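Take a look at the chain before reading on.

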Amino acid sequence: MASHSASHPHDPVQRALGGGWSTFLAAAMRSPRDVGTLLPSGPELARRLAAVVPGAGQAGRSPVVVEVGAGAGAVTAVIAREADHDAMVIAVEKDPGLADRLRSRELGVRVVTADAATLPAILADHGVDRADVIISVLPWTLFSPRRQRTFLTIFAGALQTDGVFTAAAYSCGYWMPAARRFRSELGRVFGEVLPTRTMWRHLPPAMTYVCRRPGVTGKDITADPSR
Ligand SMILES: C[S@@+](CC[C@H](N)C(=O)[O-])C[C@H]1O[C@@H](n2cnc3c(N)ncnc32)[C@H](O)[C@@H]1O
């Protein structure tokens, strides 16, 4: 599919997405279980996810910020804008078409075409062993129980002890078994898991989990995101 020819620079949606919507749609058709949605994250969700990115001087060191499942960069662009100029921002995307599209946006981040399960090797390739922040918009509820557990264990193991992990989730599926299992896994892997309020105007309505204290077993999360 000729992804770039379908972009209309004057269309506000295309402009907001950096012209990557057609590339995103093509990837979603190709690999629906990996992409998990037809729409990239909206600006409100992107800002909520990126809120944990340390700003100038906040981390006390040059922070390492990783986005897993970066797509065409809807969240990456906000991360790049918010991050300390000293930060190393690594965007990991499995789909080569999306990764190329993201690279072409020249956001000043390091784009890696890889499976996020290889995160420890990706960090080593960039000369670091842990990240300060990991941000994910992966289709968690489409993952098998084993895959959920494997990915969360890898991400928690790749975080600094005072690091933060955030994950986006669609609120409409909040009580589905796969979503409950995901919350339970978050509670198993992180000592602190905070669900944030639902963004009802987001399409589809979404919320995030902000998780700290990796490796410290916490409690299952039962709070209702509609509160
Ligand atoms: C729901 S989309 C989110 C895209 C973008 N971050 C956004 O918010 O619009 C999920 C993305 O995760 C990618 N993905 C799925 N599994 C992955 C994996 N194991 N490693 C890296 N990327 C993955 C998909 O290709 C897709 O681009």
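Where does Gly71 lie? Gly71 sits in a loop, with β1 (64-68) on one side and α5 (76-82) on the other. The model shown is predicted.

## Around Gly71

Gly71 is buried, because 27 other C-beta atoms lie within 10 Å and 20 or more are enough to count as buried.

Residues up to four places away in sequence are set aside here. Gly71 then touches Phe24, Pro40, Glu93 and Leu98. Leu138 is 67 residues away from Gly71 along the chain, yet their C-alpha atoms are separated by 9.6 Å.

## The ligand shell

Gly71 also belongs to the surroundings of the ligand. The shell holds 24 residues, and the closest are Pro40, Ser41, Gly69, Gly71 and Lys94.

Two elements, α3 (32-35) and β2 (88-93), each supply at least two residues of the shell. By type, the shell has 14 nonpolar, 5 polar and 5 charged residues.

## The nonpolar core

In soluble globular proteins, nonpolar side chains tend to be buried together. The largest nonpolar core of this model has 68 residues. Val65, Val66, Ile79, Val92 and Ile134 touch the most other members. Strand β5 (residues 159-170) gives the largest share of this core, 7 residues.

What is Val92 in contact with, leaving aside neighbours within four places in sequence? The partners of Val92 are Val66, Glu67, Val68, Ala70, Val112, Ala114, Ala116, Leu119 and Ile122.

Methods
Residues numbered from 1 in each chain as written. Predicted model: local features only at pLDDT ≥ 70, side-chain atom pairs only at ≥ 80, totals over all residues. Helix = DSSP H or I, 4+ residues; strand = E, 2+ residues; numbered from the N terminus. Buried ≥ 20, exposed ≤ 12 C-beta atoms within 10 Å, placed from the backbone. Contact = placed C-beta atoms within 7 Å. Near = placed C-beta within 6 Å. Nonpolar A, V, L, I, M, F, W, Y, C, P; charged D, E, K, R; others polar. Core = buried A, V, L, I, M, F, W, Y, C linked by C-beta atoms within 7 Å.
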